[in-house]
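Here is a short note to read with the model open beside you. Take the points in order and find each element as you go.

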Amino acid sequence: MREIIKIKSLSASLGGRNILSDISFNVYDKEITVILGRSGAGKSVLLKHLLGLMDIQEGEVVIFGKDIAEMQEEEQKRLYFQMGVFYQNGGLLNALTVGENIALPLEQNSNLSHELIDHIVWSKLKLVNLLNAYYLYPSQLSGGMLKRAALARAIVMDPLLLFCDEPGAGLDPISLVSLDKLILNLREQLGMSIVVVTHEVSSIFRIADRIVFIDSGQVVFQGTLEEALQAQNKQVKNYFDTAK
Amino acid sequence: MKNKNHIPAYSLNIEETTLHLAGSLLIGNANVFMEEVLMCLKKYKHKQIVIEIDHLEYIDSIGVATLNYLKSRLDERKIKVQIDGGKKEIKLKLQTFSLNETIQIQKNKKVPFWEDVGYQMYRFLNDDLRAFIILMTNVMYWSITDLFKPKMQRQGEFYNQAVLIGVNALWIVLAMSFIIGLVLAIQSATQLRNLGANIYIVDLIVIAMMSEMGPLMPAILVAGRSGSAIAAEIATMKVTSEMDALKTMGINPVRFVVIPKIYGTIVTLPFLTILADILGIFGGMIVAYFYLDISFQVFINRMTESLYNRDILIGLVKSLVFACIIVLTGSFFGLRAKHGAEGVGKVTTQAVVVSISLVFIADSIMGLLFY
């Protein structure tokens, strides 16, 4: 199986405090990798490192075969074209309508005509069941709608790699199930490799191919869902037992 | 795996009523495909076309949208499109990523001009004006009531607001008033000297400063400086649900947030006005001394003759009215903020523009009343 992301001995500290220490794991092609861990475990900092939003202090992060610490600005930009990020609180631009938000990456990074972009935006809105939100502003959307709009923007360029930060937080169970189905569809049909940071155990059961469990900035477990359920590691066992 | 740096090719071939599409259709070649296919079909005469995709190797969701878009373009020309064949996974993608036939792309309806004017007027009267009057009534009620219930106010809040709104604006108000007095006197000095009416510079400066520039200058500066701060603070509280939180704790948001600002401004703006009057007159005095040979003693003697208590009072009344306008406008716009951070910026700008305009309008009305 081809590795899309290779993380080797990644360590990071903030204000003299160790946040990540010696993190190593791989994300494989066309797989959904779920990063798990309690609040404050270092998941967000890890995600920021993977997205190139924080400088790498120690270790190595290789995405699509290239070390992101050694990338030039242009290379990083090209990498971003192949990545979609679904932020926890949406990250939509408040000054633009939902339609404009979704169209933005295509308008800025492709040579597609406005009419075609418009068509693509409508099809993405249909995909996330948000057809009535095209002309609305992000502030006019409910939490769940905001999430779906953010996902539509994240996948508008059909990225090869999708990062989802807490996609299910704040969603009702029905919306959560349809969001999970959509994530699975994106993996199945478009061959996306997906990294999901989540706490939703029901989601993990539905979508996870591989689980990376982080505790106090360290990877304490990595493996498939079945392996995770049988793991003897205390934290992992506790996590799944409590969730049951 | 597809490599987006190397754009895979598609091929198309039109035979009678069939368009054979092969290869890959994705984000990198969608635009070229659209242009080419529309060019090929420019002189297409038949009423239907079959797009055969048996040899289509790969399509992404943008490719699917492109096929849909092509369909809608041909629909406009009354050409019926049928997509035929295709591998299982391609069919699945078409099913997942297509817009349903029944879904019509909704376009924003353009409202006719006069309908929009009528709606805006209705909204202004029914919504904005009503809300402003309600806020004004609330502020009047609570500012009078709270005078007799000092324990109901937050400890030290009046002092904080007085410092923020009034004391912190002191130096800029003093500097600007001095400059205004100086400029006013310089502009008048030449004309008065030509007429041999040097001494009247005193009347001009004193009356202009006391009843016009004295109250107006600090009001404009405070509106720009603190009016915007009031609007931004309240707007931020509104969009982050702090106002709702106050309400659900049984606290009246207007009473809690606006009343200390009203007290702070009402108390400090008249003081700023008096200081602005003094500095403005001092500026005029300096010009009179150097340009028109009017000594300080002569200037002061003439000032006592030309200045009436009424002029001082008019200036103070004006400053009180301006103080209410600045706080009410800032609070009104702040409380009407929506749409997140962008909304905060918008109402802050509106608050400054409207409060300065209202200060000028009120000044003109009072100028006519007290003439």
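This is a predicted model: local features need pLDDT of at least 70, side-chain atom pairs count only at pLDDT 80 or more; totals for chains, interfaces and linings use all residues.

1. Look at the six-stranded sheet of chain A. Its strands run in the order β6-β7-β8-β3-β9-β10, and the sheet is open. The pairing is mixed. Strands of a sheet pair through backbone hydrogen bonds, either parallel or antiparallel. Which strands stand at the edges? They are β6 (83-86) and β10 (218-223) of chain A. Each has a single partner strand, so one side of each is left without a neighbour in the sheet. Neighbouring strands here are turned by 15 degrees against each other on average, with direction ignored.

2. Strand β3 of chain A covers residues 32-37, and strand β9 of chain A covers residues 210-215. The two pair in the parallel sense, over five bridges.

3. The order is β2-β1-β4-β5, and the pairing is antiparallel. β2 (17-28) and β5 (66-67) of chain A stand at the edges. Each of these has a single partner strand, so one side of each lacks a neighbour in the sheet. A helix lies against this sheet: α1 of chain A, residues 43-50, packs on it and touches β1 (3-14), β2 and β4 of chain A. The direction of α1 makes about 125 degrees with that of β1(A).

4. How many bridges join β4 and β5 of chain A? Strand β4 (residues 58-63) pairs with β5(A) over two bridges, in the antiparallel sense. One position to look up is Ile63(A), whose bridge partner in β5(A) is Lys66(A).

5. Salt bridges come next. Side chains of opposite charge can pair when their charged atoms come close. The whole structure holds 16 salt bridges over all chains. One of them joins Lys8(A) and Glu60(A), with the closest N and O atoms 3.7 Å apart. This pair links distant parts of the chain. Lys8(A) sits in strand β1 of chain A and Glu60(A) in strand β4 of chain A, 52 residues apart.

6. Check two backbone angles in chain A. Asp22(A) is not a glycine, yet its phi is positive, about 55 degrees. Asp22(A) lies in strand β2 of chain A. Asn129(A) is not a glycine either, and its phi is positive at about 60 degrees. Asn129(A) is found in the loop between α4 and α5 (143-154) of chain A.

7. Turn to chain B and its hairpin. Strand β1 (residues 10-15) and strand β2 (residues 18-25) of chain B pair in the antiparallel sense over six bridges. Ser11(B) stands opposite Ala22(B) in β2(B). Two residues lie between the strands of this hairpin, and Glu16(B) takes a positive phi near 50 degrees.

8. Finish with the contact between the chains. Chain A brings 36 residues and chain B brings 34 residues. The buried area is about 3200 Å², and carbon and sulfur atoms give 61% of it. In chain A, His119(A), Lys126(A) and Gln189(A) lose the most area to chain B, together 21% of what that side buries.

9. What kinds of pairs cross this interface? The rule finds zero salt bridges there, but seven residue pairs in polar contact. On the chain A side, α4 (114-127) and α6 (173-190) each supply at least two residues. The largest share, ten residues, comes from α4(A). The residues of that side divide into 17 nonpolar, eleven polar and eight charged.

Note on methods: Residues are numbered from 1 along each chain as its sequence is written. Chains are lettered from A and ligands numbered from 1 in the order in which they are written. Side-chain values use heavy atoms; hydrogens and water are left out. Two strands pair if DSSP finds at least two bridges between them. Helices (H or I, at least four residues) and strands (E, at least two) are DSSP runs, numbered from the N terminus. Axes are lines fitted to C-alpha atoms, for helices over the stretch in contact, and angles run from 0 to 180 degrees between N-to-C directions. Contact means heavy atoms within 4.5 Å. Buried area is the accessible area (1.4 Å probe) that two parts lose on being put together, summed over both. A salt bridge is a side-chain nitrogen of Lys or Arg within 4 Å of a carboxyl oxygen of Asp or Glu. A polar contact is a pair of N or O atoms within 3.5 Å; within protein, one must be able to donate a hydrogen and the other to accept it, and residues adjacent in sequence count only if both atoms are side-chain atoms. Ala, Val, Leu, Ile, Met, Phe, Trp, Tyr, Cys and Pro count as nonpolar, Asp, Glu, Lys and Arg as charged, and the others, Gly among them, as polar.
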